[in-house]
Amino acid sequence: VGSEMCIRDSSISASGSEAVLAFAQKLNPEDLGDDAYKKQHGVKYAYHGGAMANGIASVELVVALGKAGFLCSFGAAGLVPDVIEESIKRIQAELPNGPYAVNLIHAPSEEALERGAVERFLKLGVKTVEASAYLGLTEHIVWYRVAGLSKNTDGSVNIGHKVIAKVSRTEVGRRFMEPAPKKLLDKLLAQGKITQEQADLSQLVPMADDITAEADSGGHTDNRPFLTLLPTIIALRDEVQAKYNFSPALRVGAGGGIGTPEAAL
């Protein structure tokens, strides 16, 4: 990696030289991964620093990776909204143009924390959220996603609020790969949190821009093995993409359970 490479025959010719079988140009880390991911998130590398909870994925980590051309999620899970807001302001001061993301964790027993986090995201103009530990969609993640939708001059959908969904089960992955459900849209419309145009536009885009297939790691993974989870999620993405033909298309990344250079390859 990083320099030209020749693949040579193991046999030596009579003249003492080897026969060149193939020649490959150098491959840099920034050449790997999905170009659409790099463009949409404004990053140099198609890698993502995950959202380790309770601020372990700290302001300092998010800023350091952001300045180096990587997207990283601030570990907001487990923190109260006031601490989340203060941390976001510190990140924005260092990365006024990004890239950065903030974690939104599903909190079924503490709904106020999930709602409060989304309120702060909208207040402070957070453009990218990493959703984790969801068992199904909630009105709060749908609110964040749909409240950022608008129509471009050419009629296409402008996605102002990007979502990276970290999942380890296909039934959860499908919820994020499909458009927002009407039941939750109607609830948000009744509360005046979204407009009718935004509700209509939401049916043209998936709930997430990116899916992270998270295998067995330190997170909420259901102990799924990486080797089977990743192709399963990719197959589901292909099925959903064929049905809806989203543009841009859904992307799938992998995290957790990698562990070795061979697994990364």
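Biologist: How many salt bridges does the count come to by the rule used here?

Modeller: The general idea is that side chains of opposite charge can pair when their charged atoms come close. In this predicted model, the count comes to 17 salt bridges.

Biologist: Which side chain meets that of Glu 85 in a salt bridge at 2.7 Å, N to O?

Modeller: That partner is Arg 120. Glu 85 belongs to helix H3 (residues 81-94) and Arg 120 to helix H4 (residues 111-124), so their pairing ties together parts that are 35 residues apart in sequence.

Biologist: Is Glu 85 buried or exposed?

Modeller: Glu 85 counts as buried, because its relative accessibility is 8% and the cut-off for buried is under 20%.

Biologist: Where does Lys 123 lie, and what does its pair with Glu 85 tie together?

Modeller: Glu 85 also forms a salt bridge with Lys 123, in which the closest N and O atoms are 2.9 Å apart. Lys 123 lies in helix H4 and Glu 85 in helix H3, so this pair ties together parts that are 38 residues apart in sequence. Lys 123 is exposed, with a relative accessible area of 56%, whereas Glu 85 is buried.

Biologist: Which residues are linked with Glu 85 in a network of salt bridges?

Modeller: The network links Glu 85 with Asp 82, Lys 89, Arg 120 and Lys 123.

Biologist: Which strands hold Glu 130 and Lys 166?

Modeller: The side chains of Glu 130 and Lys 166 meet in a salt bridge at 3.7 Å, N to O. Glu 130 is in strand S6 (residues 128-132) and Lys 166 in strand S9 (residues 162-167), so the pair ties together parts that are 36 residues apart in sequence. Both Glu 130 and Lys 166 are buried.

Biologist: At what angle do helices H6 and H9 pack?

Modeller: A helix packing may be read from its angle, its handedness and its contact residues. Helix H6 (residues 170-177) and helix H9 (residues 226-244) pack at about 35°, and their axes are 10 Å apart. The crossing of H6 and H9 is right-handed.

Biologist: Which residues make the contact?

Modeller: H6 contributes Thr 170, Gly 173, Arg 174 and Met 177, while H9 contributes Thr 232, Ile 233, Leu 236, Arg 237, Glu 239 and Val 240. Of the residues in this contact of H6 with H9, four are nonpolar, three polar and three charged.

Terms used
Residues numbered from 1 in each chain as written. Predicted model: local features only at pLDDT ≥ 70, side-chain atom pairs only at ≥ 80, totals over all residues. Heavy atoms only, no water. Axes fitted to C-alpha atoms, helices over the stretch in contact; angles between N-to-C directions. Helix = DSSP H or I, 4+ residues; strand = E, 2+ residues; numbered from the N terminus. Left-handed = near helix turned anticlockwise from the far one by under 90°. Contact = heavy atoms within 4.5 Å. Nonpolar A, V, L, I, M, F, W, Y, C, P; charged D, E, K, R; others polar. Salt bridge = Lys/Arg side-chain N within 4 Å of Asp/Glu carboxyl O. Buried < 20%, exposed > 50% of the residue type's maximum accessible area, 1.4 Å probe, protein only.
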